[in-house]
Amino acid sequence: MTPRFTNCLIDGTREPIALYHFQPQGATDGACGAEIRQAENVDVFGLKYEGSKSVVVLKGSRNIRLFGESGGGAPRALFRAEQSHDFLISNIYPLRGKVLLGSRSSVQDDDFETGDTNQVLLYKRGNPGR
């Protein structure tokens with residue numbers, strides 16, 4: 001059996017952190033590319049992802065900003081947010097070809113999904129400013 005893992009876990013930080021050209025690829029069954037858990041003040045500039053699990057999962061986090069995603073992954077939802085507030089996700093441009101239009105959501109929030117919109121320029125919840 002292949003172990004379940006997440007490539008990157010950001011857990012509990014309150015200090016500002018910025019990641020550039022982030023590639024949390026290759027998550028196995030039941031995991032995700034990266035999880036941001038109980039954290040604040042995280043910026044990600046540029047993501048590339050290929051895989052079948054969500055690129056980034058936010059859990060109980062706030063003041064999170066994700067800028068730019070592209071890749072050929074086919075998860076049910078590219079980004080998931082659970083009990084998270086004050087976040088922004090922008091410039092999602094998944095590669096098409098391998099992924100059938102309508103087969104996934106770009107962003108899945110607690111009670112809302114964007115659906116497969118082909119490209120999301122901005123998804124904002126609350127006030128994710130600094």
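Okay, let's start inside: the largest cavity is lined by Ile10, Leu19, Phe22, Ala34, Glu35, Ile36, Val44, Val56 and Leu66. Two elements each give two or more residues to that lining, namely S2 and strand S3 (34-37). S3 supplies the largest share, 3 residues. The volume of this largest cavity is about 40 Å³, and the count of cavities of 30 Å³ or more comes to 1.

What do I mean by a cavity? On a 1 Å grid over the protein atoms alone, it is a set of points where a 1.4 Å probe fits but cannot get out, and lining residues have an atom within 4 Å of a point. Grid points are joined across faces, edges and corners, and the volume is the space filled by probe spheres set on the points. The general idea is that rolling a probe the size of a water molecule over the atoms shows where empty space is left.

Before I go on, a word on what you're looking at. This is a predicted model, where local features need pLDDT of at least 70 and side-chain atom pairs count only at pLDDT 80 or more, while totals for chains, interfaces and linings use all residues. Residues are numbered from 1 along each chain as its sequence is written, and side-chain values use heavy atoms, with hydrogens and water left out.

So, the overall picture. How many helices and strands does the protein chain have? It comes to 0 helices and 11 strands, with both kinds taken as DSSP runs numbered from the N terminus (helices are H or I, at least four residues; strands are E, at least two). Reading along the sequence, you get β-β-β-β-β-β-β-β-β-β-β.

Of the chain's 130 residues, 44% count as buried. Buried here is under 20% relative accessible area, exposed is over 50%, and partly exposed is in between (1.4 Å probe, protein chains only). The accessible surface of the protein chain is about 6,700 Å², and carbon and sulfur atoms own 50% of that; these areas come from the Shrake-Rupley method with a 1.4 Å probe, and for residues only the protein chains shown count as cover.

Now contacts, meaning heavy atoms within 4.5 Å. If you take the contacts in the protein chain with a separation of 6 or more, 51% of them are between residues 24 or more positions apart.

Next, the aromatic rings. Rings of Phe, Tyr and Trp (its six-membered ring) pair if their centres lie within 6.5 Å; planes under 30 degrees apart are stacked, over 60 edge-to-face, and the rest tilted. That rule gives 2 aromatic pairs. In one of them, tyrosine 20 and phenylalanine 45 have ring centres 5.0 Å apart and planes at 15°, so the pair is stacked. Tyrosine 20 sits in strand S2 and phenylalanine 45 in strand S4, so this pair ties together parts 25 residues apart in sequence. Tyrosine 20 is exposed, at 55% relative accessibility, and phenylalanine 45 is partly exposed at 29%.

Phenylalanine 45 also pairs with phenylalanine 67, again stacked, at 5.2 Å centre to centre and 5° between the planes. Phenylalanine 67 is in strand S6, so with phenylalanine 45 in strand S4 the pair ties together parts 22 residues apart in sequence. Phenylalanine 67 is partly exposed, with a relative accessible area of 25%.

Last topic: charges. How many salt bridges does the structure hold? There are 6, each being a side-chain nitrogen of Lys or Arg within 4 Å of a carboxyl oxygen of Asp or Glu.

One of them joins aspartate 86 to arginine 62, with the closest N and O atoms 2.5 Å apart. Aspartate 86 lies in strand S8 (residues 85-92) and arginine 62 in strand S6 (residues 62-70), so the bridge ties together parts 24 residues apart in sequence. Is aspartate 86 buried or exposed? Aspartate 86 is buried, at 11% relative accessible area, while arginine 62 is partly exposed at 38%.

Another bridge runs from glutamate 40 to arginine 14, with 3.6 Å between the closest N and O atoms. Here glutamate 40 is in strand S4 (residues 40-48) and arginine 14 in the loop between strand S1 (8-11) and strand S2 (17-22), 26 residues apart.

Then there's glutamate 82 with arginine 80, at 3.4 Å, N to O. And finally, salt bridges with shared partners join Asp11, Glu35 and Arg37 into one network. Glu35, remember, is also one of the residues lining the largest cavity.

Notes:
1 Å grid on protein atoms, 1.4 Å probe; cavity = no way out; pocket = protein on both sides within 12 Å on 5 of 7 lines; lining within 4 Å.
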